[in-house]
Amino acid sequence: MSNDDKPFFVGYLDVPGPLRRFLLLACVAVIGIFVATGFLIGSTQDEPPASGFRFDYGRQTVTGVIELTPYPLLRVTQGNDLIKPGKTLMLTGQGKFGVDARAMGLEGQLAEVSGIILQRGTIDMMQLAGGRRGLKMIEGDAPAMETEPLGRWKVAGEICDGKCLNGAMRPGRGLAHKACAALCLVGDVPPVFVSTQLIEGSDFMLITGPDGTRLPKAAYDYIGQFITAEGDLERRGDMLIFKIDTDTLEVTDE
């Protein structure tokens, strides 16, 4: 015998009360499952290091030895509570421009630099203030700076520019990311290799061409892609330098 009181959905009629309550509860449950699933997936991922301009530090002024790798670095010899002696800073100008012209002729010299710190994980950069406020040679004998060879390595990761990597811009992935990084590198912002795993305690390395030359244009085709590459690795202060062999560059699956 049929039950005439049993609720039944008809598309052109209002949803019966009992079915309306069931659908509401079902929707809440499905949304809850999606939220919980997203949270669980997110909780299994490594938290990315904080990055960006450290305006909370204020303008920083430190002294050190200028090195060209050929990209300008400062090996800090006289720092402060935030930037310790022994720190190695990549140097950049404002916008998408490096400071090659300003650092030229200061190789191995003592210099005072001043600007805003960009920071991400184990790698640091300073955006220099304009003119002599940002970079000037000072009197005194520069101490000898040691370089530690670490042998030949094969690494996997991505070529980026050091400024956007440190949080100046965050276009993410894809065409926008590749274009942004390429413009920075054309403007002589120091290039960086982001490794998929820790190498000698760091997953960020300043990269050059073989024998410490500038990054070859052939490597620009691989910007923003997941690749493998081989090259010689060395340590300068607390920064790794990867001398990439462009003949070994290969695109790999993400």
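Which residues have the most contacts inside the largest nonpolar core, and how many residues has this core?

Reply: The model is a predicted one, in which local features need pLDDT of at least 70, side-chain atom pairs count only at pLDDT 80 or more, and totals for chains, interfaces and linings use all residues. Residues are numbered from 1 along each chain as its sequence is written, and side-chain values use heavy atoms, with hydrogens and water left out.

The largest nonpolar core has 21 residues. Those with the most contacts inside it are Ile159, Phe193, Met205, Leu215, Leu233, Phe242 and Ile244. A nonpolar core is here a set of buried Ala, Val, Leu, Ile, Met, Phe, Trp, Tyr and Cys residues joined through side-chain atoms within 4.5 Å. Buried means under 20% relative accessible area, exposed over 50%, and partly exposed in between, with a 1.4 Å probe and protein chains only.

At least two residues each come from strand E8 (147-161), helix H5 (175-186), strand E9, strand E10 (202-208), strand E11 (227-236) and strand E12. The largest share, four residues, is supplied by E12. Helices (H or I, at least four residues) and strands (E, at least two) are DSSP runs, numbered from the N terminus. The protein has five helices and 12 strands.

Not counting residues up to four places away in sequence, Phe242 touches Trp153, Val155, Met205, Leu206, Ile207, Thr208, Ala229, Glu230, Gly231, Asp232 and Leu233; contact means heavy atoms within 4.5 Å. Apart from this core lies another, of 17 residues, with Leu73, Cys160, Val189 and Ile241 among them.

The aromatic rings come next. Rings of Phe, Tyr and Trp (its six-membered ring) pair if their centres lie within 6.5 Å; planes under 30 degrees apart count as stacked, over 60 as edge-to-face and the rest as tilted. By this rule there are two aromatic pairs. Phe53 and Phe55 form a stacked pair, because their ring centres are 5.2 Å apart and their planes stand at 20 degrees. Phe53 is partly exposed, with a relative accessible area of 26%, and Phe55 is exposed, at 58%. Phe193 and Phe242 form a tilted pair, because their ring centres are 5.9 Å apart and their planes stand at 55 degrees. This pair links distant parts of the chain, with Phe193 in E9 (residues 191-199) and Phe242 in E12 (residues 239-251), 49 residues apart. Both Phe193 and Phe242 are buried.

Pro190 lies in the loop between H5 and E9 and is buried, with a relative accessible area of 1%. Pro190 and Tyr71 are 119 residues apart in sequence, but 5.9 Å apart in space, C-alpha to C-alpha. The residues that Pro190 touches, not counting those up to four places away in sequence, include Tyr71, Met90, Leu185 and Leu206.

The whole protein supplies the setting. Of its 254 residues, 39% are buried. Among contacts between residues at least 6 apart in sequence, 70% join residues at least 24 apart.
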